[in-house]
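Subject: Structure handover

Hello,

Here is the structure I said I would pass on. Please look it over before reading the notes below it.

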Amino acid sequence: MDLLDTLTAKGLRGETPTREEALAVLATTDDELLDVVAAAGRVRRRWFGRRVKLNYLVNLKSGLCPEDCSYCSQRLGSKAEILKYTWLKPNQAAEAAKAGVSGGAKRVCLVASGRGPTDRDIDRVTDTVAAIKEADPAVEICACLGLLSDNQAERLKAAGVDAYNHNLNTSEGTYGDITTTHTYADRVDTVQKAHGAGLSACSGLIAGMGESDEDLVDVVFALRELGSDSVPVNFLIPFEGTPLAKEWNLSPQRCLRILAMVRFVNPDTEVRIAGGREVHLRSMQPLGLHLANSIFLGDYLTSEGQAGQTDLDMIADAGFEVEGVGERTLPRHRADIAAAAAGGCGSGAAGGAGGGCGTAGVPGEDADAAVGGCGTGGGCGPCGGHGHAVPVAAAADAAADTNAGTSADEVRTDLVRVRRRGAGTELAPNA
Ligand code: SF4
């Protein structure tokens, strides 16, 4: 089909499609779905080969948040029966991180609930980063601590943090429907603060909150314009006890279309399948690997994922391979841009630990890539999100009308498991 030929050609050149083309991907039918996956899969392989980057979540502080993000199980007034605990000690966090790294993760994501960190919280994270890097200096660390104040990003960078996650979550136009205690502009400001301090920007979205196709395209283009190096795509986990508990709007086919659209708009950017992978893609997860080049290993912030070994088996069975510590995540031209923002170290020698976002050079890996330009459970990271407020049902109807062949998902509360192991518990982590 002409659309897919055009999108593939643009993606192979590292070019971004038009908004209309992105919307057309979301409007494809189930009959066209495998062709869509194949086309976006060519773009994925062009820039990322068959590598899958594994990331591991450590929830440093769980629940009891004063913010009201309606998708989040940790929100103000949440009745979700999640684990609630205050800051892990550095050695506890390092133990959890070690489990993820041993399982194959090259990035550890340190997440804390809350509006944003205090300066004392930055001290805590600094000590935690030191403990993790003492055990393994090569591990990439991404922090996800909420809205940043002046100089906090610089302090995290100095502490050895490589990246900062702060998701835009949804379009600017609908942001006020999901959260009232902070704004879309606040979120953009924090992503820019992180980027400005030389941290690799990780910022993504949550799908399934009742948003329209236009909202999805808006936020994905906004992320591209912000220069996010990695784009986590969360699929709303409608937690019981949150405002969006009844928002089951996603089918596996819809999730694949969304991932394909995100890939076409961000051909050379890390695209990560985040929270909700098991709940919504289910047995179609391996097809998602043809679109995304990154996933979380094991559990999420407040919900449990499938067994870490099952993640690894799935990657191998689908013909992909886990990205190694010495391999660069981003294509060379994107890594150079990220490194320039970080003040150096771009596509350095293989195994180099500098720069955010896995910018170590990989000899021969991407010699052909010189063409085009360059958190999880609850909201702050790859949460186990929850969704929207008012316009949900109407938007879902509109989406169903638009997307021939797409049906809303059935309610599958049986697939939502609150995390009861790992960080904050006496039980071993799932990694
Ligand atoms: S997404 Fe973050 S800021 Fe919002 S309620 Fe959840 S923990 Fe709090």
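Predicted model: local features only at pLDDT ≥ 70, side-chain atom pairs only at ≥ 80, totals over all residues.

Residues are numbered from 1 along each chain as its sequence is written, and side-chain values use heavy atoms, with hydrogens and water left out.

Helix α10

Helices (H or I, at least four residues) and strands (E, at least two) are DSSP runs, numbered from the N terminus. Helix α10 covers residues 252-265, and its 14 residues should span 20 Å at 1.5 Å a residue. The expected span is 1.5 Å times one less than the number of residues. The end C-alpha atoms of α10 are 20 Å apart, which agrees. Buried means under 20% relative accessible area, exposed over 50%, and partly exposed in between (1.4 Å probe, protein chains only). Because 13 of its 14 residues are buried, α10 is largely enclosed by the rest of the structure.

Asn-266 has 1% relative accessibility and so counts as buried. Contact means heavy atoms within 4.5 Å. Leaving aside neighbours within four places in sequence, Asn-266 is in contact with Val-220, Arg-224, Val-231 and Val-271.

Nonpolar cores

A nonpolar core is a set of buried Ala, Val, Leu, Ile, Met, Phe, Trp, Tyr and Cys residues joined through side-chain atoms within 4.5 Å. The largest one has 99 residues, of which Val-58, Tyr-71 and Phe-235 touch the most other members. Helix α10 gives the most to this core, with nine residues. There is also a second, separate core of 11 residues, including Cys-109, Val-111, Cys-144 and Ala-274.

Cys-109 is also one of the residues touched by Asn-55, not counting residues up to four places away in sequence. Asn-55 is in strand β1 (residues 51-61), and at 0% relative accessibility it counts as buried.

Leu-3 is in helix α1 (residues 2-12) and counts as buried at 17% relative accessibility. Beyond four places in sequence, Leu-3 touches Glu-21, Ala-24 and Val-25. Leu-3 and Glu-21 are 18 residues apart in sequence and 7.1 Å apart in space, C-alpha to C-alpha.

Thr-128 is in helix α5 (residues 119-135) and has 2% relative accessibility, so it counts as buried. Again beyond four places in sequence, Thr-128 touches Leu-60, Pro-90, Ala-93 and Leu-110.

Positive phi

Asn-169, a residue other than glycine, has a positive phi near 75°. Asn-169 is in the loop between β4 (163-165) and α7 (175-178), and counts as buried at 0% relative accessibility. Arg-282 has a positive phi near 50° and lies in the loop between α11 (277-281) and α12 (285-289).

Regards
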